[in-house]
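Dear colleague,

Here is the structure I promised to pass on to you. Please open it alongside this message, as the notes below follow it region by region.

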Amino acid sequence: MPRAYWWLWTSTLVNRLGGFVAPFLAMYLTVDRGYSASYAGLVGALYGLGGAVSAVGAGVMTDRLGRRPTLLVSQSATAVSVAVLGFVQHPVAIAAVAFLVGMASNGSRPAVQAMMADLVAPEDRIRAFSLNYWAVNLGFAFSATVAGLIAEHGYLALFLGEAIMTLLCAVVVFVKLPESRPVREEPAGAAAAAAEPEVGLGTVLRDRGFMAVVALSFLVAALIQQGFVGLPVAMGASGLSSSDFGLAIAVNGVLIVALQIPVTRFIERHREPTRLLVGAALLIGYGFGLTAFAGSVAVYALTVCVWTIGEIINTPIQMGLVARLSPTHGRGRYQGVYVLSWSLAALVAPLAGGAVIDHFGADVLWASCAVVGTLTAVGYGALVRAVAAEERDGDGDGDGVGDGDGVGEGDGVAGDRLGSGSASEAGGAPASGGTSPSGGAPGSGETDRPVAAG
């Protein structure tokens, strides 16, 4: 990996090591401030709404202003707004500042993912995004543990601690990271006709292949959110305590830290990694579906194991696929729309999960998760089959031109271009065919979330 990648990775780790506030925001509002659970839910929804609003705007900033300025603005704004949130007391002010914190903290994600796509060779992107995801979860596991100890001495220390760590992250970016945005050259003559066209948000939304990936990402994210929304409610209804839930959900972080790197090595050796997305969707959906049969902490933890393995497989492949589908000079916008899918899932999943449990019971929610997982797997399967059909028909010649359905020729990963059928470079890879990651050739690259996990 380039040295700049490791500094970006370090900034991600520092940022997540200081992610103290989000996991304990609801407890802070209900226990320390004495507000109702409904108000805490409203504040959480506004936090998520802020993230959804900023996802697209930050993507545009990433392309127009650059990756580095977007990161610095986002991280500086996060540090200030988090510190302010620790001092405000009026309920309206708390809700408003929480919205701003959500906007600021989520604004860095498109820039980070676009910068990784800029810095890392296509054949190394699965590994690059996987290592970044590993850092996110390692930092989250540490911050969640430490935050509980810090909170015993006062919640204000959580807010100030996160502000300081976020500023440190900004310092790393300012001192060590150069701007990575590709410079657009204006070719003349025949080369001008083949040059990558200007990319706007309309271009992204009209890219049917990419938007299909975004829709599938939304379904996956909505399922994973139930581990933090529906699961604690169901365990509480079964008579289990919050500490029991903590033990069960801790399996998620432990498995990701332990297995992400070896699983990534397996993925890189796989000839066509995107086919693994089908199995990952089934693991996630049926992992939650099995929760209907759980009655003890051990069985709940077992179900967490199942859907976590699906998450470990899905995340780096899907993030790399997004990077691959993004035109060189539109990576920020494409990444912003992808991040939006996770932000919207963070809004919709709690509302949908709560409504289903209240009206039909938790078992119906888990059965619905199995159905959604199946539909998602079918969607991924259709995507892979469309690429294979392009190859069989000889319609794809490596120039990314599809047959009208937005699916271009494949390269053994997910197709050199799934999308609007433009002749632009996808994710920095050469437009000509390549080999699978195991071959190590250009044109085979892969990588968010992030975030749901951040």
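**Aromatic pairs**

At 37% relative accessibility, Trp6 counts as partly exposed, where buried means under 20% relative accessible area, exposed over 50% and partly exposed in between, with a 1.4 Å probe and protein chains only. Before going further, please keep in mind that this is a predicted model, in which local features need pLDDT of at least 70 and side-chain atom pairs count only at pLDDT 80 or more, while totals for chains, interfaces and linings use all residues. Residues are numbered from 1 along each chain as its sequence is written, and side-chain values use heavy atoms, with hydrogens and water left out.

A search of the whole structure gives 9 aromatic pairs. Trp6 and Trp9 form one that is edge-to-face, with 5.7 Å centre to centre and 70 degrees between the planes. Rings of Phe, Tyr and Trp (its six-membered ring) are paired if their centres lie within 6.5 Å, and planes under 30 degrees apart count as stacked, over 60 as edge-to-face and the rest as tilted. Ring pairs also link Trp6 and Trp9 with Tyr5 and Trp134 into a cluster.

Both Phe288 and Trp307 are buried. Their ring centres are 4.6 Å apart and their planes lie at 15 degrees, so this pair is stacked. Phe288 belongs to helix α14 (residues 276–289) and Trp307 to helix α15 (residues 297–325), so the pair ties together parts that are 19 residues apart in sequence.

Thr166 is found in helix α8 (residues 156–176) and counts as buried, because its relative accessibility is 3%. Its side chain reaches the backbone oxygen of Glu162 at 2.7 Å. Leaving aside residues up to four places away in sequence, Thr166 touches Asn15, Gln75, Thr78 and Ala79, contact being heavy atoms within 4.5 Å.

The buried residues of α8 include Glu162, Thr166 and Cys169, and what covers the buried residues of this helix includes α1, α2 (21–32), α4 (67–85) and α7 (125–151). At 1.5 Å a residue, the 21 residues of α8 should span 30 Å, which agrees with the 30 Å between its end C-alpha atoms; the expected span is 1.5 Å times one less than the number of residues.

Helix α6 (residues 108–119) has 12 residues and should span 16 Å, which agrees with its end C-alpha atoms being 16 Å apart. This helix is mostly covered, with 11 of its 12 residues buried, among them Arg109, Gln113 and Asp118.

**Cores and cysteines**

The largest nonpolar core has 79 residues, and those with the most contacts inside it are Phe210 and Leu231. Such a core is a set of buried Ala, Val, Leu, Ile, Met, Phe, Trp, Tyr and Cys residues joined through side-chain atoms within 4.5 Å. Helix α15 gives the most to this core, with 12 residues, and apart from it lies another core of 22 residues, including Tyr39 and Val82.

A search of the whole structure finds 0 disulfides, that is, pairs of cysteine sulfur atoms within 2.5 Å. Cys169 is buried, at 1% relative accessibility, whereas Cys305 is partly exposed, with a relative accessible area of 25%.

Best wishes

Conventions:
Helix = DSSP H or I, 4+ residues; strand = E, 2+ residues; numbered from the N terminus. Polar contact = N/O pair within 3.5 Å; in protein donor to acceptor, adjacent residues only side chain to side chain.
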